[in-house]
Number of protein chains: 2
Amino acid sequence: MNPFVHSEAQRDSLDVVLVSPRNPLNIGAAARAMANFGFSRLTVVAPFAPTWREARSAIGAPEVLLKAVETATLAEAVADATLVVGTGTLTYRKAEQPRVVLPLLAPLVSQELASCGRVAAVFGSEKHGLTRQDLSFCHILVEIPTDPRQPSMNLGQAVAVCLYELASRVFSTPAALEAKTEALTASSGRLELLAGLVEEAMRAAGYSPRSMQAANQHDLRLMLRRMSLSEQDVQRILGVFRRILWRLKWLP
Amino acid sequence: MNPFVHSEAQRDSLDVVLVSPRNPLNIGAAARAMANFGFSRLTVVAPFAPTWREARSAIGAPEVLLKAVETATLAEAVADATLVVGTGTLTYRKAEQPRVVLPLLAPLVSQELASCGRVAAVFGSEKHGLTRQDLSFCHILVEIPTDPRQPSMNLGQAVAVCLYELASRVFSTPAALEAKTEALTASSGRLELLAGLVEEAMRAAGYSPRSMQAANQHDLRLMLRRMSLSEQDVQRILGVFRRILWRLKWLP
């Protein structure tokens, strides 16, 4: 089962907007991250023409790139959005709008989608990020919490990180995520079965005096739980001990 | 203030391990993501020699790459780790160990670090990801929840996403994250000051009959709060209305 709530309609409420990207590889990487996380609406603002041509004609260019919209200005790109989220770090300048770190963004976006809004996530060019003018179109500025010694992220990686966060914490339910998380560990009942067999082998081998049996049983139960055995492990160990027990009991 | 808890010692408890990477750009991208999120311990297992040479000699190669350790086998690379986390998707195979989606990984890693363990995050090569044998060294398999139609991520982006998750949810405190999130909105007291001035201007302009003044005051208060004005906005609007009021009162 896929941990995404595959409400395509809801995912279509998010636009990814790249402002004047310069490197075709980065455009491709951004598009790939979108496909990885199930988003399909890409707008590219005032791309450098050769760059844009090269990115779209790359072998294996993801469909999201072929369907991308091109606009001349950021104003056009975000015209339909009710929540415009600018991305970047503020290492070199002061915020002029509310700012939020990426790990705390999800509730804001969820709320916007719940009230039928449209969200645009805007990424600046590789060189400068979003300009002050670009940011004047943004309702909020989201920051990826990076190390101040190396704050600036690669564009493709920044897009991947932002879309991962939104895909996991806005467009997935906790239940769907948990469904994908499987312990694979054996049940308590199976561990008890194993404990019984091991004890029988210990008795048959004359391992412990009768007075120690209760304490040993207790320690054995704890140890089996610490080992976090899978069902397959339990199966295998049961096999080994059945064989041992058979030899202990029936051989002279 | 940086949202990271800059416990270098704690961050040093995480090793990033790349198994047989093939593309120098990807190695560089992985190293860059490490620097972005404040991690510095990189191990590269059995790299393709020309690739490895090229990555390390790239102009501006991050320090993490120059300090990286090279090992012949994954066994050596993870020898000191008490929790080895393999990464990948299981689209094409069955899990042989417990698996967890990345958004639910943090508690496991936190617990390991709290008990003074060492954690290794292991990434496979671009082509195949981790092999079945590689995975036999992993305690758990972590999956980035990607779209089943395009499950496979670029190596540099996968590293960035995993390290972002760990940096934000294991190595940062919620308080530190919140400290970086600033509403920048004006206080209620400032909004009241503004409301008073606007009302005074409305009265001076003969805007509303006395009978409507209470209702208008109420609506004005609500509207000012809906607008989520910053302190700077309030400053500016106060200036405008002070000027208007001066003209209304003193000019014929």
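1. Of the 252 residues in chain A, 38% are buried. A residue counts as buried if 20 or more other C-beta atoms lie within 10 Å of its own, as exposed if 12 or fewer do, and as partly exposed in between, with C-beta atoms placed from the backbone.

2. A word on what you are looking at. This is a predicted model, in which local features need pLDDT of at least 70, side-chain atom pairs count only at pLDDT 80 or more, and totals for chains, interfaces and linings use all residues. Residues are numbered from 1 along each chain as its sequence is written, while chains are lettered from A and ligands numbered from 1 in the order in which they are written.

3. How confident is the predictor? The average pLDDT of chain A (the predictor's confidence in each residue, from 0 to 100) is 85, and 91% of the residues score at least 70. Take care with residues 1–6 of chain A, where pLDDT stays under 50. For the model, ipTM is 0.76 and pTM is 0.78.

4. Now the overall form. Chain A holds 12 helices and 7 strands; these are DSSP runs numbered from the N terminus, helices being H or I of at least four residues and strands E of at least two. The radius of gyration of chain A is 28 Å, well over the 18 Å that the globule rule gives for 252 residues, so the chain is more spread out than a compact globule. That radius is taken over C-alpha atoms, and the rule is 2.2 Å times the number of residues to the power 0.38. The C-alpha trace of chain A spans about 90 × 40 × 40 Å along its principal axes.

5. Next, the domains. Chain A is assigned domain 1 (8–179) and domain 2 (188–250), with bounds from an automatic or database domain assignment. Taken over C-alpha atoms, the centres of these two domains of chain A are 56 Å apart.

6. Have a look at the sheet. In chain A, 7 strands form an open sheet with parallel pairing, in the order S3-S2-S1-S6-S4-S7-S5. Strand S3 (69–71) and strand S5 (99–101) of chain A are at the edges with a single partner strand each, so one side of each has no neighbour in the sheet. From one strand to the next, the twist averages 25 degrees. Two strands pair if DSSP finds at least two bridges between them.

7. In S6(A), A:Val84 has A:Ala120 as its bridge partner and A:Val85 has A:Ala121; in S7(A), the bridge partner of A:Val85 is A:Ile140.

8. Which way do the residues of S4(A) point? A:Leu83, A:Val85 and A:Thr87 point one way, A:Val84 and A:Gly86 the other way, and all are buried.

9. Finally, a spot in chain B. B:Gln97 sits in the loop between strand S4 (83–87) and strand S5 (99–101) of chain B. Why is B:Gln97 classed as partly exposed? Because 17 other C-beta atoms lie within 10 Å of B:Gln97. B:Gln97 and B:Cys138 are 41 residues apart along the chain, with 7.8 Å between their C-alpha atoms.

Terms used. Axes fitted to C-alpha atoms, helices over the stretch in contact; angles between N-to-C directions. Contact = placed C-beta atoms within 7 Å.
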